[in-house]
Amino acid sequence: MALKMDPASVQAQREGMEKAIVEGLEYIGPCPPQLGETWIDIPLPDGQTNPTKVVWPKSSGEPPLQCPLIVYFHGGGLSMGNPDMMVAPARGVASMLSCVVACPTLNQLPEQMFPAPVRMAWETCAWLSDAKNLNDGVLKDAGTSVDLGRGFVVGGLSSGAAAAAVIGTIPGAAAAGVQDFAGLFGLKSPITGIFSGIPFMITEDMLPAQYRDIFKSREETAEGQAAAGAMRMELEPYLGVHSPWFSPINLDLSNPKVTQGHPPKVFIYGGQLDQFRDDSVIYSKWLSQLGGVEVRASVLEGADHSSAWVSLSWPSCHDRKVKEETLDGMAWLLNREWDRNQDLPI
């Protein structure tokens, strides 16, 4: 690709995010005693590895605790961020819903040219879809094991939410012969749900005509207009915005086989004041065309793109309604309930 991201700009943004993550980890403190937490390196087919943070509830006795699995991708425009962004919600969800949470690295542009970051996200999910890999590895002596029959959810925030949405379509699209997904390793266990929080998966260039009247959130405020203009200049040229690796909305639905086997449940939330609000609305409308897929979607009043439960110390990242939205969504996807009388985790 002839285009080249400005190295100084990318590095400055990464350093700012790393500083915010370090401050956030200090804010949330150490791992609570009722949880286990560690890094693992997930092997990928090309010889690379994916550094992944795994969090699990500790068993209180025998027999071993059997848990569903959530794979939760961080945001950062596919160009910055790391799994520590997701430690706060991973701890909260693992504790409140008794599940194992794996937070992979969403590898970064420009070092990994698109669609490599999302392809590597798929390969990471494929590895995690074999429960033996965690159960015979990091969880071997933990007194806790993954049982994918209890649930296998793939989720994310912002660009991570888009990656999760794409991953949900790959089994059906690959089986239907979509060439973009040819030759991929398959899943050992099916994904049972998708969690998509404040997703970024739409651009003006790739937007189908039937959604153009909905697509307004980029232009509603001066701040949103400026941010959208900067993204068109600095990020979107490095994304294959017409590819199904970028957004499921790029799939051709004239072949019904393309979306066969899509996870049966999808939870989506956007923010009322977020420039990407309408991405969540359009994604929900697109999903409504798929048979056998149950969707719950909401737009949080007064919320912007920082309204996501992550480890950063910003107040909007620890707002009660955002935490409740996250727990409600994950609980619905896993067919579980959470105790609303408990204090919410930090």
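## Pocket, cavity and helix packing

The lining of the largest pocket divides into 22 nonpolar, 14 polar and 9 charged residues. The model is predicted, and the values below are computed from it.

The largest pocket holds about 1,200 Å³ of space. Of its 45 lining residues, Ser158, Met231, Gln275, Phe276 and His305 are the closest to the centre. Helix H6, residues 222-234, gives the largest share of this lining, with 7 residues. Helix H1, residues 7-28, also supplies at least two residues of the lining.

The structure also holds 1 cavity of 30 Å³ or more. The volume of the largest cavity is about 80 Å³. Around the largest cavity stand Leu78, Phe114, Val118, Ser159, Ala162, Ala163, Val166, Phe200, Leu239, Trp245 and Phe246. Helix H5, which covers residues 159-175, makes the largest contribution to this lining, with 4 residues. By residue class, the cavity lining has 10 nonpolar residues, 1 polar residue and no charged residue.

| Space | Volume | Lining classes | Largest share of lining |
|---|---|---|---|
| Largest pocket | about 1,200 Å³ | 22 nonpolar, 14 polar, 9 charged | H6, 7 residues |

Rolling a probe the size of a water molecule over the atoms shows where empty space is left.

Next comes a residue of helix H1. Ser9 lies in this helix. Ser9 has a relative accessible area of 26% and therefore counts as partly exposed, since that class runs between the 20% limit for buried and the 50% limit for exposed. In sequence, Ser9 and Glu234 are 225 residues apart, while their C-alpha atoms are 9.4 Å apart in space. Glu234 falls within the range of helix H6, 222-234.

The last topic is a pair of packed helices. Two packed helices are described by the angle between their axes and the distance between the axes. Helix H2 spans residues 87-97 and helix H8 spans residues 320-334. The axes of H2 and H8 are 11 Å apart, and the two helices pack at an angle of about 50 degrees. H2 is therefore oblique to H8, because the roughly parallel class takes angles under 35 degrees and the roughly perpendicular class takes 65 to 115. The crossing of H2 and H8 is right-handed.

Conventions: Residues are numbered from 1 along each chain as its sequence is written. This is a predicted model: local features need pLDDT of at least 70, side-chain atom pairs count only at pLDDT 80 or more; totals for chains, interfaces and linings use all residues. Side-chain values use heavy atoms; hydrogens and water are left out. On a 1 Å grid over the protein atoms alone, a cavity is a set of points where a 1.4 Å probe fits but cannot get out, and a pocket is an open set with protein on both sides within 12 Å along at least five of seven lines; lining residues have an atom within 4 Å of a point. Grid points are joined across faces, edges and corners, and a volume is the space filled by probe spheres set on the points. Ala, Val, Leu, Ile, Met, Phe, Trp, Tyr, Cys and Pro count as nonpolar, Asp, Glu, Lys and Arg as charged, and the others, Gly among them, as polar. Buried means under 20% relative accessible area, exposed over 50%, partly exposed in between (1.4 Å probe, protein chains only). Axes are lines fitted to C-alpha atoms, for helices over the stretch in contact, and angles run from 0 to 180 degrees between N-to-C directions. Angles under 35 degrees count as roughly parallel, over 145 as roughly antiparallel, 65 to 115 as roughly perpendicular and the rest as oblique. A crossing is left-handed if the near helix is turned anticlockwise from the far one by less than a right angle, and right-handed if clockwise.
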